[in-house]
Amino acid sequence: MIEVAARRGRQECFTNIQRWTYTLALLLSGITLSEMKCRVVHGILRRSSSFNTGRIEHLYQNPQTHTEGNLKLHYGDLTDSTCLVKIISQVKPTEIYNLGAQSHVKISFDLAEYTANVDGVGTLRLLDAIKTCGLTNSVKFYQASTSELYGKVQEIPQKETTPFYPRSPYGAAKLYAYWIVVNFREAYNMFAVNGILFNHESPRRGANFVTRKISRSVAKIHLGQLEFFSLGNLDSKRDWGHANDYVEAMWLMLQQEEPEDFIIATGEVHSVREFVERAFGRVGKTIVWEGKDEKEVGRCQETGVVHVKVDPKYFRPTEVDYLQGDSTKASQKLGWKPKVTFEVGWFESTAGWSCWIALAHI
Amino acid sequence: MDLHTCFTSLGDNFVGDEMPDHRQVRHATAALSRELRRVHGILRRSSSFNTGRIEHLYQNPQTHTEGKPGSGNLKLHYGDLTDSTCLVKIISQVKPTEIYNLGAQSHVKISFDLAEYTANVDGVGTLRLLDAIKTCGLTNSVKFYQASTSELYGKVQEIPQKETTPFYPRSPYGAAKLYAYWIVVNFREAYNMFAVNGILFNHESPRRGANFVTRKISRSVAKIHLGQLEFFSLGNLDSKRDWGHANDYVEAMWLMLQQEEPEDFIIATGEVHSVREFVERAFGRVGKTIVWEGKDEKEVGRCQETGVVHVKVDPKYFRPTEVDYLQGDSTKASQKLGWKPKVTFEDLVKEMVDADIDLMKKNPNA
């Protein structure tokens with residue numbers, strides 16, 4: 001019986017909840033590339049006085065009564081080393097996916113210490129807990145590293161060998177986590193790997209991450225619930241993929257014989273501006289841009305109404321202008337390729353959200 | 001002349017004592033007495049006496065009286081890099097113009113056992129200091145020096161190492177310092193703060209912490225010379241380092257903060273020696289020739305003159321992941337700061353052994 005402990009963060013960790021739910025679905029459905037099947041998935045849940053399991057209740061055996069089946073949840077926190085030791089010694093997992101983090105880059109500028117504590121030192125606490133429990137040689141550990149490590153990119157496209165240059169407290173914290181994982185791998189021969197995942201989206205993306213913010217806003221505008229929304233740097237360029245494809249890569253990394261770090265990316269680059277244009281295109285609106293910098297607006301050509309504005313409060317003190325990943329290594333060694341394209345991914349995103357809005361309306 | 005204040009974060013008096021902070025305080029006081037009026041230090045609370053290495057800086061060391069304003073002397077404040085509130089309090093009170101972050105758990109080997117503490121003080125502690133400066137609205141007036149380290153290079157990607165050489169840390173200490181390095185860069189780029197990293201290669205002196213290998217050797221050689229000890233144990237004898245003198249290096253730190261523009265610099269001699277060589281030269285200072293016999297954990301260093309074994313190898317000192325070789329290229333510092341190391345390797349070893357002989361003579365229990 002294989003037991004897997006997947007780390008989970010809370011509301012900030014929208015990306016992680018997103019990733020986590022797709023990972024769980026993958027594991028629990030028994031879709032594997034090998035003979036062995038996963039039996040139980042354990043998740044660590046941060047305590048909150050408000051309900052915070054909304055995005056995973058579909059994984060309960062009985063969502064109405066919140067009865068757990070193959071998913072078992074444990075209260076814990078990456079800032080609390082004792083509970084990590086307790087949970088890991090109790091569960092004795094064979095695979096651990098550390099997806100827990102405060103993962104919003106802009107917010108990390110205001111919450112730098114918390115971000116360092118959870119994303120950076122939290123990763124160390126998890127590795128230390130594995131070591132304390134004597135599981136260094138039996139657990140396979142996946143670390144959610146990020147394209148944000150490349151920051152002010154030193155090479156285009158970015159490869160596993162491209163030097164890092166973080167541009168935010170989030171990037172610096174994740175950089176610490178990356179290297180402490182490498183250190184545990186080299187010092188203790190632990191099977192510990194970094195998945196350097198470029199941006200990955202889905203309808204489950206946290207609401208204040210730009211892609212989801214756009215899809216939600218477009219849906220609301222389409223339904224007449226909103227007139228305009230504000231963005232930051234429209235010319236920021238990213239390599240966006242679908243979370244579902246990416247979690248498959250995470251799992252593949254832990255099925256290898258040898259621990260290695262991999263970049264997971266589509267290799268395709270689009271700007272925030274393009275994302276906006278395509279999103280509105282989906283609901284039959286053509287956006288034309290007028291003005292410059294903070295005065296720039298996106299106006300609907302068909303109706304003349306302004307739907308997009310720029311608010312400098314969304315600008316980052318230090319920006320990451322361009323990210324483009326080269327996932328050749330993953331393609332060759334893991335046989336991984338992204339399946340969902342930018343266009344298709346987008347359709348799913350708006351369709352998913354539009355559907356929800358329609359239901360809510362009812 | 002304007003009243004400047006220089007603010008140092010004194011190294012924790014845990015086993016990983018940072019020698020340079022104490023040196024820095026002395027040097028800063030001397031060098032800045034021309035212009036500087038007061039040096040402030042942050043001291044960790046301890047129920048045991050822990051100011052032994054700075055009491056010579058008190059106005060009155062016997063009564064531990066701190067100097068008055070205008071005398072360029074030292075003023076201490078209780079604080080800790082793990083406590084952000086106290087940092088804000090102290091910085092808002094002192095309003096320093098220069099801050100040298102020398103506080104850290106700085107023993108590499110120990111960081112493997114104390115990884116979280118090391119990350120908290122060395123990594124997040126640096127962030128707390130930068131955040132405190134920002135909170136106090138001093139981003140545009142304070143000059144900030146970060147004690148970065150050659151340990152960032154770890155499994156060196158280039159020889160010799162330059163400011164542009166990619167980092168590859170090999171210990172929890174290295175990883176924590178890597179975080180600190182980049183958070184300093186981020187504050188510099190994001191907020192236009194004058195914040196710099198001094199990437200200092202190993203620097204030693206008679207004030208080095210007792211369990212750092214060079215001082216461990218000089219102390220042990222002194223004790224053996226005085227008949228107080230028969231042998232001591234080391235780890236990897238073939239580890240190679242670029243060793244300089246702390247006094248030279250703190251001058252470089254200060255020079256970095258006197259520049260117009262904030263930049264990161266490597267400070268190093270460019271000369272490489274092994275631990276083995278350090279041992280040989282140290283014993284040479286007391287007239288003993290060491291010959292090596294055996295291999296790996298069984299290797300010993302025997303005195304040729306007396307036949308007695310004075311050095312053994314204990315695997316407990318081996319690091320899980322080693323840094324085999326460090327060699328720094330300080331051309332940039334030489335060109336832009338006009339900095340050059342003055343003390344040679346030979347003189348460094350001599351000074352350390354001589355000082356420890358004096359010390360052990362006065363106090364065999366030291």
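Let me start with the hairpin of β13(B) and β14(B). This is a predicted model, and in it six residues lie between the two strands of that hairpin. Gly294(B) in this hairpin takes a positive phi near 85°. The two strands, β13(B) and β14(B), are antiparallel and joined by four bridges. For one of the pairs, look at Glu293(B): its bridge partner in β14(B) is Val300(B).

Now the sheet around that hairpin. What is the order of the strands? In chain B it reads β8-β15-β14-β13, an open sheet of four strands with mixed pairing. The edge strands are β8, residues 232-234, and β13, residues 290-293, and each of these pairs on one side only. On average, neighbouring strands of this sheet are turned by 25° against each other, direction ignored.

Strand β14(B) covers residues 300-303, and its pairing with β15(B), residues 309-313, is antiparallel, over three bridges. Here Gly301(B) has Val311(B) of β15(B) as its bridge partner.

Two helices pack against this sheet. Helix α8(B) touches β8, β13 and β15 of chain B, and its direction makes about 140° with that of β13(B). Helix α6(B) lies across β8 and β15 of chain B and runs at about 160° to β8(B).

These two helices also pack against each other. In general, a pair of packed helices is described by the angle between the axes and the distance between them. Helix α6(B) is residues 213-225, helix α8(B) is residues 275-285, the angle is about 30°, and the axes are 10 Å apart. With that angle, α6(B) counts as roughly parallel to α8(B), because angles under 35 degrees are classed that way. The crossing of α6(B) and α8(B) is right-handed.

Which residues make the contact? From α6(B) they are Val213(B), Thr214(B), Ile217(B), Val221(B) and Ile224(B), and from α8(B) they are Val275(B), Phe278(B), Val279(B), Ala282(B) and Phe283(B). Sorted by class, the contact of α6(B) with α8(B) has nine nonpolar residues, one polar and no charged ones.

Let me turn to chain A. It has an open sheet of four strands in the order β8-β15-β14-β13, with mixed pairing. At the edges stand β8, residues 229-231, and β13, residues 287-290; each has a single partner strand, so one side of each has no neighbour in the sheet. From one strand to the next, the twist averages 25°.

In chain A, β14 is residues 297-300 and β15 is residues 306-310; the two run antiparallel and are joined by three bridges. The bridge partner of Gly298(A) in β15(A) is Val308(A). Helix α6(A), residues 210-222, packs on the sheet, touches β8 and β15 of chain A, and makes about 160° with the direction of β8(A). Helix α8(A), residues 272-282, lies across β8, β13 and β15 of chain A, at about 140° to β13(A).

Now for a place where the two chains meet. Helix α4 of chain A, residues 112-132, packs with helix α4 of chain B, residues 115-135, at an angle of about 170° and with the axes 11 Å apart. Is the pair roughly parallel or roughly antiparallel? Angles over 145 degrees count as roughly antiparallel, and α4(A) and α4(B) are therefore antiparallel in that rough sense.

On the chain A side, the residues that meet the partner helix are Ala112(A), Glu113(A), Ala116(A), Val121(A), Leu124(A), Arg125(A) and Asp128(A). On the chain B side they are Ala115(B), Glu116(B), Ala119(B), Val124(B), Leu127(B), Arg128(B) and Asp131(B). This contact of α4(A) with α4(B) divides into eight nonpolar residues, no polar ones and six charged.

Last, confidence. The predictor gives the complex an ipTM of 0.82 and a pTM of 0.86. Chain B averages a pLDDT of 89, with 88% of its residues scoring at least 70. In chain B, pLDDT is below 50 over residues 10-35, a stretch with 96 contacts in the model beyond near neighbours in sequence. Chain A averages a pLDDT of 86, with 84% of its residues at 70 or above. Residues 1-15 of chain A are below 50, and this stretch has 77 contacts beyond near neighbours in sequence. Residues 351-362 of chain A also stay under 50, with ten contacts beyond four places in sequence.

Key: Residues are numbered from 1 along each chain as its sequence is written. Chains are lettered from A and ligands numbered from 1 in the order in which they are written. This is a predicted model: local features need pLDDT of at least 70, side-chain atom pairs count only at pLDDT 80 or more; totals for chains, interfaces and linings use all residues. Side-chain values use heavy atoms; hydrogens and water are left out. Axes are lines fitted to C-alpha atoms, for helices over the stretch in contact, and angles run from 0 to 180 degrees between N-to-C directions. Angles under 35 degrees count as roughly parallel, over 145 as roughly antiparallel, 65 to 115 as roughly perpendicular and the rest as oblique. A crossing is left-handed if the near helix is turned anticlockwise from the far one by less than a right angle, and right-handed if clockwise. Contact means heavy atoms within 4.5 Å. Ala, Val, Leu, Ile, Met, Phe, Trp, Tyr, Cys and Pro count as nonpolar, Asp, Glu, Lys and Arg as charged, and the others, Gly among them, as polar. Two strands pair if DSSP finds at least two bridges between them. pLDDT is the predictor's confidence in each residue, from 0 to 100.
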